[in-house]
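Student: Could we go through this structure together? I would like to begin with the ligand site.

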Amino acid sequence: MVHTLLEDLKEQQIQLIAVSKRKPEADILEFYHMGHRAFGENRVQELVDKQESLPKDIEWHMIGHLQTNKVKYIAPFVHLIHSFDSIRLIKEVNKQGERLGQVIPGLLQFKIAEEDSKYGFAQEEAIAFLDSADFQNLKFVEVHGVMGMATFTDDEAQVRGEFKRLKHIFDTLKATHFSGKPYFKEVSMGMSGDYNIAIAEGSTMVRIGSLLFGPR
Ligand SMILES: *Cc1c(COP(=O)(O)O)cnc(C)c1O
């Protein structure tokens, strides 16, 4: 079942971020030994602890809300921050990148769900920021695409509509702000319950936890 999922995604060239939050290191190693390298966590302390004790060629993805005062702990090793959800955070990531002398990649997180989620940009807000000199002066962050979470509902049409919106935001930004920037290419959407819909709507990267590791 898990093998089939890994093969399916590989065949479709969809990147799989195995969401290992709240799961022990032994579970991560099981996937590691099958050849899997990309894992996602949503708490800084847990991410740092796991990074320290697990193999160094694991690609760690930060997928949850990131407090600005904690960026410094993950900046040296994080592979991709999926959750650029405020201007303040992006500026802090830039500051830590500058300190380390390395460019840190991230995805703009958009609020696409109908339910009241606290985090993520509105489209107009992100565009205003991308237009600003403030953004253009940030040399140590690189925006690699977009991320979003659909409403937690059985209503497939609603989920599909929300993913469509995120893909549309991606296409728009690609044309208006990132044309000629080949690194702007990721649409991170889809979790255990909705990844098939997300892929049909243009996801390049799915974040799957419970389907791989069992319920938390
Ligand atoms: C926990 C989490 C996931 C994975 O959720 P599952 O339903 O277990 O697949 C994906 N994305 C984010 C942002 C998460 O916090």
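Tutor: First a definition: a residue is near a molecule or strand if one of its heavy atoms lies within 4 Å of it. This is a predicted model, in which local features need pLDDT of at least 70 and side-chain atom pairs count only at pLDDT 80 or more, while totals for chains, interfaces and linings use all residues. Residues are numbered from 1 along each chain as its sequence is written, and side-chain values use heavy atoms, with hydrogens and water left out.

Student: Which residues are around the ligand?

Tutor: They are Val-19, Lys-21, Ile-63, Met-147, Met-149, Met-191, Ser-192, Arg-207, Ile-208, Gly-209, Ser-210 and Arg-216.

Student: What lies 2.8 Å from an oxygen atom of the ligand?

Tutor: A backbone N or O atom of Gly-209 does. A polar backbone atom of Ser-210 is also 2.8 Å from a ligand oxygen. For Arg-216, an N or O atom of the side chain is 2.9 Å from an oxygen atom of the ligand.

Student: Where is Met-149 placed?

Tutor: Met-149 is in the loop between β6 (141-148) and α8. Helices (H or I, at least four residues) and strands (E, at least two) are DSSP runs, numbered from the N terminus.

Student: How exposed is Met-149, and what does it touch?

Tutor: Met-149 is partly exposed, with a relative accessible area of 37%. Buried means under 20% relative accessible area, exposed over 50%, and partly exposed in between, with a 1.4 Å probe and protein chains only. Not counting residues up to four places away in sequence, Met-149 touches Gln-109, Ile-112, Ala-113, Met-191 and Arg-207; contact means heavy atoms within 4.5 Å.

Student: Now to helix α2. Which of its residues are buried?

Tutor: In α2 (residues 25-33), the buried residues are Ile-28, Phe-31 and Tyr-32. They line one face of the helix, because seen down its axis they fall within an arc of 105 degrees. That arc is taken from the directions from the helix axis to the C-beta atoms.

Student: Why would residues three or four places apart point the same way?

Tutor: An α-helix has 3.6 residues a turn, so residues at that spacing point the same way.

Student: What does the other face of α2 carry, and what do the buried residues pack against?

Tutor: The face turned away from the buried side carries the exposed residues Ala-26, Glu-30 and His-33. The buried residues of α2 pack against α1 (2-11), β2 (38-41), α3 (44-53), β3 (59-62) and α10 (210-213). Just after α2, Gly-35 takes a positive phi of about 105 degrees.

Student: Let us change topic. How many aromatic pairs are there?

Tutor: Rings of Phe, Tyr and Trp (its six-membered ring) pair if their centres lie within 6.5 Å; planes under 30 degrees apart count as stacked, over 60 as edge-to-face and the rest as tilted. By this rule there are six aromatic pairs. One of them is the stacked pair of Phe-170 and Phe-184, 5.0 Å centre to centre with 5 degrees between the planes. Phe-170 lies in α8 (residues 156-176) and Phe-184 in the loop between α8 and β7 (186-188), so the pair ties together parts that are 14 residues apart in sequence.

Student: Are Phe-170 and Phe-184 buried or exposed?

Tutor: Both are buried. Phe-184 also stacks with Phe-178, at 4.1 Å centre to centre and 5 degrees between the planes.

Terms used: A polar contact is a pair of N or O atoms within 3.5 Å; within protein, one must be able to donate a hydrogen and the other to accept it, and residues adjacent in sequence count only if both atoms are side-chain atoms.
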